[in-house]
Amino acid sequence: MAIPEGGAVRLSAVTLAAQKAGLSPGQTLADARALTPDVAVHDADPAGDAATLERIAVWCTRYTPWTAPSGLETGGAAGLWLDVSGCAHLFAGEAAMLDDMTTRLAAIGYTARAGLADTAGAAWAAARFGQPGRARCVIFPPGEHANLLAPFPNAALRLPADILDGLERLGLRNVGDLSDLPRAGLARRFGELPARRLDQALGRVDEPISPRAPAPVWRLRTAFAEALGREEHIAAAARNLTEALCNRLARAERGARRLELCLYRVGGRVDTIMAGTSRASHDPDHLMRLLAEQLDRLPAPPTSAPDPLSAAAEAMVETLTLAALVTEPLRAAQTQLMGGRDSDPAALERLVDRLAGRLGPDNVMRFRARDTHLPERVQEAAPALAGSSGAPEAPWQPPQPRPPRLLARPEPVEAMAPVPDDPPVLFRWRGRTHRITRAEGPERIEPEWWRPPEAGGNTTALDRDTRDYYRVEDADGRRFWLYREGLYDRHTPDTPPRWFLHGLFG
Amino acid sequence: MPADPQLLQRLRSRIAAIERGGSGTPLADDDGLPFAIPEIDEHLPWGGLAAGAVHELLDGDGPTSNSTTRIGGALNGAVTAFAAALAGKAQRARARPIVWIAPRITARESLYAPGLAGFGLDPADLIAVRVPLSSQGDGDFAATALWAMEEALRAPTVGLVCAEIEEMSLTASRRLQLAAETGGGMGLLLRRDTGALPPTASISRWRIAALPGGPPEYANLPGTTRWQAELLRARGGRPRSWQLEWRDDGQDNSQTPGGFALVPPLRDRSLPAESGTPDETAPPHSAKYRRTA
């Protein structure tokens, strides 16, 4: 891999074979070609590397929810942080867990080395400079990291090249040498970085690392001895997880508002399903239905496998995790929608959640009245179960009749209105002519001049002018809500008044 | 001694439940939705609109409703108001919220809560469900809308489900009817009258059209809302047509919702010729409904 850097094309990463041939990251491409004329060079793709690293970080959430990609800026030294505190026993111990990790990563095409220690710095050093055994893992037993780190080279302390050169020139060859030095002298020559890295590696100072996503408190995981291929088996496993999670939530008297189900597939892909509830719930039936709804419609994972059989194998699921990302204490207060005889408010919530899960929460709504006299602004969409706060809502029925259907944008009509301030006698709308036999009006509605134009620049004169509304009935009994824009006497013969249709009456 | 009409209704609903093969819960005696007009309720086999069933309301907006000049995307005010009035009755009678499913395209002609309230439907207990038109075309939309209606019909806490779905196969219609039977819900399908609708499993089909309004007749003001309600088909019943009007019992914004009433026999005001005679024994579109039924 090569990348342009500081005027020269330099190697950013080399394969094991290239390393043996004497190449190393940081060499210019010209030098590399001189050493090994037949070297194969590819353009480095830092963005692609970052994306891949992120994917592996997601993949690693099967071991611990707390994962973070690290050290992308140092190119080939990139890696992943995993905080496995309290997780190893789930995998029969630390060694077995790291073994499992590197083996599975190898199976999906990544060669990995793992280091495990009390501190992040020591783990970093262990993974990169330790002498791995068969399983490519180095584990520092608890409390041993100071002794074990001593023979490691200075590079194990995550120091930049210029500092490493300086230390080398002073004859400080390993971490042990460095830790014996008086701090003041070290800081004077090299700044505070070496001492800080040393303290971090030895656990004398804390090293905060931001995880990729905050670790959820409510999280359960299940791994299968044999990967699951059939949908009903996956659903059954998800069901078990849901029940276990609900039991825990119930004991804590909490309910889930947001759930995340992760399917870790054999091919290394992780599918995530999110489900939301409108009210905290720990009802396994309900939550499972929400998840199943999306589980059923999960698209087949894209695959690079050559034949359908191996594609199916790659799509098999080996681990499932279920997390309640957002939980709330269960409240006794229930929905304010009507609770009739033998009706169960929770059943309505379940319906709303299922509809919202498939159609999107914005598409399941309730109307709320706004205190305005502009017809199109009177009604407002609110979440279907956003428990009305108890504030008295504006009355729905205005003194004048209103149509049950309103056009979102009033539509211009060709109208014949021979008498000023009278409703038209004839109008044409959507290709159909209506002869008006009866009419009522005008009802004058003034614009809300105090309101600034709506964002988006959709405001036209139409919204800023006085409207005179008429309720009209045509010869067949159809009723419409028409209005004339502007005051009649403002119009000249050149600019006749414009008529609009705004609603359909019953 | 004449039979007690209530007893007859109960027996009829039992028979209806048995006819459905006992697959569903038998209709509760009081779960139907009467019009509160004896003439209609006694004509219908279920003493009103049956619960645990789907009913279709066709938008009978005159002869052009199946031509290209039809009101694009919109169902007319008349059928909307009729459905809103029925939904409002169900809301009160069953004390449960209403679910109204509409395609997003009718965001152009959105439901308007103040107007619905005028027909006795309380918007505070109305859940509006918009089904987005997907990029995959209308077929996908119809499937999603049908799924939503099925879900709502199966939910025991919904008073009535109203859905604006145009395209529907007989199979889809059967699924809806089955969902209503098992869940005990009541469904209203609002559809355009294309003149050649496929057969349906819904247990009744109506065509609702606007009629020139009732009184007041002075000063040429639009009067009370009136409909021509044609019962085109009813399982176990005969087609018939009525002229109905909406009576706002409480004037001046009072809390009492209005109700349906039969249009009183013609007295002093002549109807426009094309609306036909108001005599309800001879419906004006009788030829049409025989063809469609």
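## Helix packing in chain A

In this predicted model, the axes of helix α5 (residues 120-129) of chain A and helix α10 (residues 193-202) of chain A come within 5 Å and cross at roughly 90°. Axes are lines fitted to C-alpha atoms, for helices over the stretch in contact, and angles run from 0 to 180 degrees between N-to-C directions. Helices (H or I, at least four residues) and strands (E, at least two) are DSSP runs, numbered from the N terminus. α5(A) and α10(A) are therefore roughly perpendicular to each other, a term that covers 65 to 115 degrees.

From α5(A), Ala120(A), Gly121(A), Ala122(A) and Ala125(A) meet Arg197(A), Gln200(A) and Ala201(A) of α10(A); contact requires C-beta atoms, placed from the backbone, to lie within 7 Å. By class, this contact has 4 nonpolar, 2 polar and 1 charged residues. Ala, Val, Leu, Ile, Met, Phe, Trp, Tyr, Cys and Pro count as nonpolar, Asp, Glu, Lys and Arg as charged, and the others, Gly among them, as polar.

## Basis of the model

Residues are numbered from 1 along each chain as its sequence is written, and chains are lettered from A and ligands numbered from 1 in the order in which they are written. Because the model is predicted, local features need pLDDT of at least 70 and side-chain atom pairs count only at pLDDT 80 or more, while totals for chains, interfaces and linings use all residues.

## Antiparallel sheet of chain A

Four strands of chain A form an open sheet in the order β7-β10-β8-β9, with antiparallel pairing; two strands pair if DSSP finds at least two bridges between them. β7 (218-228) and β9 (270-281) are the edge strands, each pairing on one side only. From one strand to the next, the twist averages 15°.

Strand β8 (residues 254-265) and β9(A) pair over 8 bridges in the antiparallel sense, and Leu259(A) stands opposite Ala275(A) in β9(A). Helix α12 (residues 284-296) of chain A packs on the sheet and touches β8 and β9, its direction making about 145° with that of β9(A).

## Surroundings of Ala280(A)

Ala280(A) lies in strand β9 of chain A. Ala280(A) and Arg257(A) are 23 residues apart in sequence, with their C-alpha atoms 5.0 Å apart.

## Contact between the chains

Chain B contributes 59 residues to the contact and chain A 51. Strand β11 (residues 364-369) of chain A runs antiparallel to β4(B), joined by 3 bridges. Ile127(B) in β4(B) is the bridge partner of Arg366(A).

Key
Angles under 35 degrees count as roughly parallel, over 145 as roughly antiparallel, 65 to 115 as roughly perpendicular and the rest as oblique. Two residues are in contact if their C-beta atoms, placed from the backbone, lie within 7 Å.
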